[in-house]
Amino acid sequence: VDLFLRDARPRLQKLRDALEAADYPALTAQAHSLKGSASNLGARVLAGFCAELERRGRAGESQDIAALLAKVVAEFGRVEAALHAEREAHPA
């Protein structure tokens, strides 16, 4: 959980940067990595959005990709809040 929380925000920024630069290989790589991390935590919705972002990046499909990235960011916010709430409810 700590690793996910520490690494996800910079990864999201790299996704934004890659989209802005139309760097689809970088976007694909970052989406793939975030998808794996989300899957390991059981964040299936986030992983699903990342999988679609990865697929579109690999295919070079730019249509609606910014809206999809916005969904990734919003879902990450929900996952992050849930993880923080869980930590507070069950401190180590």
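## Basis of the description

Helices (H or I, at least four residues) and strands (E, at least two) are DSSP runs, numbered from the N terminus. By this rule, phenylalanine 49 lies in helix α3.

This is a predicted model, in which local features need pLDDT of at least 70 and side-chain atom pairs count only at pLDDT 80 or more, while totals for chains, interfaces and linings use all residues. Residues are numbered from 1 along each chain as its sequence is written, and side-chain values use heavy atoms, with hydrogens and water left out.

## Overall fold

The protein chain contains four helices and zero strands, and its elements follow the order α-α-α-α from the N terminus on. Along the principal axes, the C-alpha atoms occupy a box of roughly 45 × 20 × 20 Å.

Of the 92 residues, 35% count as buried; buried means under 20% relative accessible area, exposed over 50%, and partly exposed in between (1.4 Å probe, protein chains only). Among contacts (heavy atoms within 4.5 Å) between residues at least 6 apart in sequence, 56% join residues at least 24 apart.

## The nonpolar core

A nonpolar core is a set of buried Ala, Val, Leu, Ile, Met, Phe, Trp, Tyr and Cys residues joined through side-chain atoms within 4.5 Å. The largest such core has 24 residues, of which Phe4, Leu15, Leu27, Leu34, Leu46, Leu53 and Val72 touch the most other members. Helices α1 (2–20), α2 (24–41), α3 (44–59) and α4 (65–89) each supply at least two residues of this core.

Apart from its neighbours within four places in sequence, valine 72 is in contact with Leu12, Leu34, Leu46, Phe49, Cys50 and Leu53.

Phenylalanine 49 is partly exposed, with a relative accessible area of 23%. Beyond its neighbours within four places in sequence, phenylalanine 49 contacts Leu68, Lys71, Val72 and Glu75. Phenylalanine 49 and phenylalanine 4 are separated by 45 residues in sequence and by 17 Å in space, C-alpha to C-alpha.

Glutamate 54 is also found in helix α3. Its relative accessibility is 5%, so glutamate 54 counts as buried. Setting aside neighbours within four places in sequence, the contacts of glutamate 54 are Thr28, Ala31, His32 and Lys35.
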